[in-house]
Amino acid sequence: MLQVEQLKKSFDGFQAISDANLLVPKGEVVAVIGPNGAGKSTLFNLITGHLQADSGHIRFQGKEITSMAPYKICHRGMARSFQLINIFSSLTVFENVQASVIAKHRLDQNFFRPAKKLFIEETLEILDSFGLFDFKDRSCSALSYGDQKVLEIAIALGSKPELLLLDEPTAGMSSEETRRIVNLIKHLSREKGLTILLTEHDMELVFDVAQKIMVLHQGKTIAQGLPQDIRNDKSVQNAYLGETG
Amino acid sequence: MSTNNLKLIENPKGKFNTYLGLGIAAVGIIVLLLAPGFLTQYYVYLLATVFTTALLATSLNLVLGYGGLLHLHHGVFFGVGAYTVAIVTTKTSWPFAVAVLLAPLVAALIALVIGWFCVRLRGLYFGMLTLALGQLVWAIVYRWNALTNGDNGIHAIPVPEFLTSINSVYYATLLILVISLIILYIITKSPFGLMLLATRDNPVRSESVGVNVKRHRLTAFVIAGFFAGIAGVLFVLVERSVAPSLLFWSESAEVLIMCLMGGLTVFMGPMLGAGILVLLSMVVGLYTEYWLLVLGLLLLLLVLFLPQGILGYLMEIYNKSQDKRGGN
C-alpha cells in the first residue's frame, strides 16, 4: 500500500533522513522504531507531505505522492495523528471530528448548508467507538491530556483513511491510557481492516501490535521485517536496543 | 496584536440562545424601521452611516475573527466599491443599477488579486502585505487624475430619484445591511465557516484533514472584500461623494478597532463597535478636533481591560450565568 524508497532529507546541512526505505502492505500494522532523533517524525512528515523530500520516492497505492501537498495526500486516503496534541482548540469535541468528516466529503467550500446538521451520525459513530461520546459538546481544550490524544486519532479517522499514520500515539500517557490506545489500534486494524503505520517508544506496545517493524537509525533504515527477526537482528541490538538497555 | 492573540479567542459562538438572539434582532429592526418617524434628519443620516460602517466591520470580521488573519487594510475594498459606483455613474452612461452591481464585484476582484499574494504569508507578514498592497491601491486612486479625479475626489454623484431623500437612503441602507448580514451569518454557520474556524485554530491540522488552507483563506478574503464593496455602495448612497482618504490605511485601522471593541468572538460584535465609534466620533467632534487622541486612549483601555470586546465580555457573563443555572 505504501512504499518508501531511498528517501533523503536534510535541514541546513544536517542529514535528518539519509536513506529511508519502508514497505507497508495492505491490512497490516507496521511500526517504525528508532532512538530519539533517528528521524521518525521527519519520515512521517515527508510521507504526509508536511515536508518536501530532497530525493527518493514515496508511493501510495501504486502512485507517486512524493512532495505532494498534505491535503491532496489526505484526499487519496491517508490520514495521520500527531505526536503533540494538534486539534482545533476552540471547537467542541464533536466539531473537531465533524470538521474532518466534512472535509472528507469535500463540503468544506459549501456556504449555505447549516454545518451543525451535517454528518451527525457519522461523527457520533466515530466519537462513540473512541469513548468520547459523553464529551461531545465540551470544548476540546477542557479534555484531559489522554482524551485529547484519543481525539487526535479520532480526527484522523474522520477522514475515513485506508492508511492511518500514528506518530507516537501514547507519548506522555499513563499505562492505563496506553492500554486504551493499544485496544483502539487492534480494533481499528482487525475490525475496520485499516492499514496502520506507527512510530512508538513503548517497545512492549510495538511488539504487541505490529506485524512488521522497520528500524531507523540516524536517518537510515537498518532493518525491516517480522518482530522476531528484528528482536534477533545484531545491527539493531547494537544500534538501538543496546543503547536503551 | 499578533495572530497568537487571535488564536486565544474562543469560538465566535456560545451557548447564547438562538431564539433570544433572533428576538433581540427583531425588536432592533422594528425600532430601526420606526426610527425616522421620531428622529431628526441629522440622526437619521448618522444611523445610515452606522449601517454602512457596521457592514464594513462585519465583513472584516469574517477574515479577522473567524479566519484569524491579521487583515490590516480592509478599507481598500470599501473604497474600491465606493469609487466603482462614483466612476461608473459619472464617467459612463450606464444605468445606476449597473454601478451598484459592479461595485462589490470589482471589490471582490481586487480582493482576489491582493489576497492571492497575502495568503502565502502568515501572521504579521500577512498583515504587512495587506497594508502594503492596500496602500498601493490608495496611491493609484490618489494619483490617477483622469479616472479618479485625484485628491479632489468625486462629488455630487447622481443617484436615482427615489434615493434622494435621507429617509429613503436610510431604508435602502438598512435593507441592504440586513440582507448582507443574513448572508454573512449563514456563511459563518456553514461548513465553510466551521472549516474557517478550524484553519484559524490549526492550519497544519486543517491541511492534513484535506483542506486547502490557502484557498480557504483566499475565499474568505474575497467574500469579505465583496461585502466591503457593498458597504462602499452604501457609503455613496449616504454621502454622494468619494475621496481617496476612504482607502487610506488609517480608515482601515478604525474599522479594525471597531471589531476589537465589539468583540471578534461574536457575530454582532463588530456592529456594536461600529455603532459606538461612529456615534462617539460625532459627540467628541462637538467638543474637540482631537478625535484620534480619544480613539487611541479608547484602544489602550480596550486592550488592557476588555481584550474580548464589549459584546464578547457580555457573552462571557451570560454563558457563566447559564452554566450556573445548568448546575455545572
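A:Lys8 finds its bridge partner in strand 4 of chain A, and that partner is A:Ser55. This is a predicted model, in which local features need pLDDT of at least 70, side-chain atom pairs count only at pLDDT 80 or more, and totals for chains, interfaces and linings use all residues. Residues are numbered from 1 along each chain as its sequence is written, while chains are lettered from A and ligands numbered from 1 in the order in which they are written.

Back to the strands. Strands here are DSSP runs (E, at least two residues) and helices are DSSP runs too (H or I, at least four), both numbered from the N terminus. Two strands pair if DSSP finds at least two bridges between them. Strand 1 of chain A does this with two partners, as the table shows.

| Strand | Partner strand | Sense | Bridges |
|---|---|---|---|
| Strand 1 of chain A | Strand 2 (residues 14-24) of chain A | antiparallel | seven bridges |
| Strand 1 of chain A | Strand 4 (residues 55-60) of chain A | antiparallel | five bridges |

On the strand 2 side of chain A, A:Gln3 has A:Leu23 as its bridge partner. The hairpin of strand 1 and strand 2 of chain A has two residues between the strands, and A:Asp12 takes a positive phi near 45° there.

Further along chain A, A:Met173 sits in the loop between strand 7 (163-167) and helix 6 (175-190). A:Met173 has 18 C-beta neighbours inside 10 Å, so it counts as partly exposed. Contact means that two C-beta atoms, placed from the backbone, lie within 7 Å. Leaving out residues up to four places away in sequence, A:Met173 touches A:Gly146, A:Lys149, A:Thr178 and A:Ile181. From A:Met173 to A:Lys212 it is 39 residues in sequence and 24 Å in space, C-alpha to C-alpha.

Now for the inside. A nonpolar core is a set of buried Ala, Val, Leu, Ile, Met, Phe, Trp, Tyr and Cys residues joined through C-beta atoms within 7 Å. The largest one has 168 residues, and A:Ala154, B:Val85, B:Ala107 and B:Ala224 touch the most other members. Helix 11 (residues 213-239) of chain B gives the most to this core, with 18 residues. As for A:Ala154, its contacts beyond four places in sequence are A:Val97, A:Ile126, A:Leu127, A:Phe130 and A:Leu132.

Where the chains meet, 31 residues come from chain A and 25 from chain B. Helix 9 of chain B gives the most to the chain B side, with eight residues. That side has eleven nonpolar, nine polar and five charged residues. Here Ala, Val, Leu, Ile, Met, Phe, Trp, Tyr, Cys and Pro count as nonpolar, Asp, Glu, Lys and Arg as charged, and the others, Gly among them, as polar.

Chain B itself has 15 helices and zero strands. Its C-alpha trace spans about 60 × 50 × 35 Å along the principal axes, and 48% of its 328 residues count as buried.

How far can you trust it? The model scores ipTM 0.89 and pTM 0.89. For chain B, the mean pLDDT (the predictor's confidence in each residue, from 0 to 100) is 90, and 93% of its residues reach 70 or more. Residues 1-15 of chain B stay under 50 in pLDDT.

Notes: A residue is buried if 20 or more other C-beta atoms lie within 10 Å of its own, exposed if 12 or fewer, and partly exposed in between; C-beta atoms are placed from the backbone.
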